[in-house]
Amino acid sequence: MADNTVQEAGERFLKNQFFLASWAAAVRHNKTWNQITEQEDRAEFKQNIQAFLETMLASYKGGVSSEAHTQNIVQLQEKSAAAGERLNIGTCQKLLNLLCKYYWCAGWIAEPPHFPIDRRVLASLHINANWTDIDDIPAYTKIIEQAAAQTGEKSPAQWELSVWNGESDTKEAAR
């Protein structure tokens, strides 16, 4: 195998693993399947969502604005509904934001403007909400804005990475 073929195969492997990990985290704590009942159809749905996200993330290489990223969450929800299973905003943000985090940490895209909202992040921000219940953009953006006000000198994505790694969980610790 030529070196670039091995590199491409390795990147394909990592993209698949990153998607599978992101998908598992996004759907683990909430009811996902309401319309699609057959395993084969569920696999096709996930493949369609993965292809959609990979195409979307290609545009993140040079960076993306917060507004464009939020719109991409809406587009992901619309894509999921069109593919037969409407995912709520909480699930869509977790899937896209976690995939962005993996791609960013791998050096494939610029730093994302947001971060995966989950139980750990909400607790660190002292926000009493359940990410699996988020089903509208105003609720999502309110949490992102609250987080931005509490992350200190770090960007929201850098702050969340610190929280996940156990390095900080408040504005004071982020300084």
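**Close-up views of the predicted model**

**View 1. Gly107, in the loop between α4 and α5.** Gly107 lies in the loop that joins helix α4 to helix α5. The model shown here and in the other views is a predicted one. Gly107 has a relative accessible area of 58%, and it is therefore classed as exposed, the cut-off being over 50%. Asp136 is 29 residues away from Gly107 in sequence. In space, the C-alpha atoms of Gly107 and Asp136 are 30 Å apart.

**View 2. Glu111 and its contacts.** Glu111 is also placed in the loop between α4 and α5. Its relative accessibility is 29%, so Glu111 counts as partly exposed, between the limits of 20% and 50%. Which residues does Glu111 contact, once neighbours within four places in sequence are left aside? They are Trp104, Ser155, Ala157 and Gln158.

**View 3. Leu87, in the loop between α3 and α4.** Leu87 sits in the loop between α3 (66–82) and α4. Is Leu87 buried or exposed? Leu87 is buried, because its relative accessibility is 3% and the limit for this class is under 20%. Not counting residues up to four places away in sequence, Leu87 touches Trp23, Thr32, Phe45, Gln77, Ser80 and Cys92. The C-alpha atom of Leu87 is 9.4 Å from that of Lys31. Leu87 and Lys31 are 56 residues apart in sequence.

**View 4. His126, a non-glycine residue with positive phi.** His126 is not a glycine, yet its phi is positive, at about 60 degrees. The residue belongs to the loop between α5 and α6 (137–150). His126 has a relative accessibility of 63%, which means that it counts as exposed.

**View 5. Lys94 in helix α4.** Lys94 is part of helix α4. Its relative accessible area is 7%, so Lys94 is buried. Apart from residues up to four places away in sequence, Lys94 touches Ala25, Ala26, Pro116, Ile117, Asp118 and Trp131. Lys94 is also one of the residues closest to the centre of the largest pocket, shown in the next view.

**View 6. The largest pocket and its lining.** The volume of the largest pocket is about 320 Å³. Its lining is made up of 16 residues, and those closest to the pocket centre are Ala25, Lys94, Leu98, Asp118 and Trp164. Which helices each supply at least two residues of this lining? They are α1 (3–27), α4 (89–105), α5 (119–124) and α7 (156–164). Helix α4 gives the largest share, five residues. Sorted by class, the lining of the largest pocket has eight nonpolar residues, seven charged residues and one polar residue.

**View 7. The whole chain, for orientation.** How many helices and how many strands does the protein have? The protein has eight helices and zero strands, and its pattern along the sequence reads α-α-α-α-α-α-α-α. Taken along the principal axes, the C-alpha atoms fill a box of roughly 50 × 45 × 25 Å. The radius of gyration is 16 Å, which agrees with the value near 16 Å for a compact globule of 175 residues. Of the 175 residues, 45% count as buried. The protein exposes about 9200 Å², and carbon and sulfur atoms supply 47% of this area. Among contacts between residues at least 6 apart in sequence, 67% join residues at least 24 apart.

Terms used
Residues are numbered from 1 along each chain as its sequence is written. This is a predicted model: local features need pLDDT of at least 70, side-chain atom pairs count only at pLDDT 80 or more; totals for chains, interfaces and linings use all residues. Side-chain values use heavy atoms; hydrogens and water are left out. On a 1 Å grid over the protein atoms alone, a cavity is a set of points where a 1.4 Å probe fits but cannot get out, and a pocket is an open set with protein on both sides within 12 Å along at least five of seven lines; lining residues have an atom within 4 Å of a point. Grid points are joined across faces, edges and corners, and a volume is the space filled by probe spheres set on the points. Helices (H or I, at least four residues) and strands (E, at least two) are DSSP runs, numbered from the N terminus. Ala, Val, Leu, Ile, Met, Phe, Trp, Tyr, Cys and Pro count as nonpolar, Asp, Glu, Lys and Arg as charged, and the others, Gly among them, as polar. The radius of gyration is taken over C-alpha atoms; the globule rule is 2.2 Å times the number of residues to the power 0.38. Buried means under 20% relative accessible area, exposed over 50%, partly exposed in between (1.4 Å probe, protein chains only). Contact means heavy atoms within 4.5 Å. Accessible areas come from the Shrake-Rupley method with a 1.4 Å probe; for residues, only the protein chains shown count as cover.
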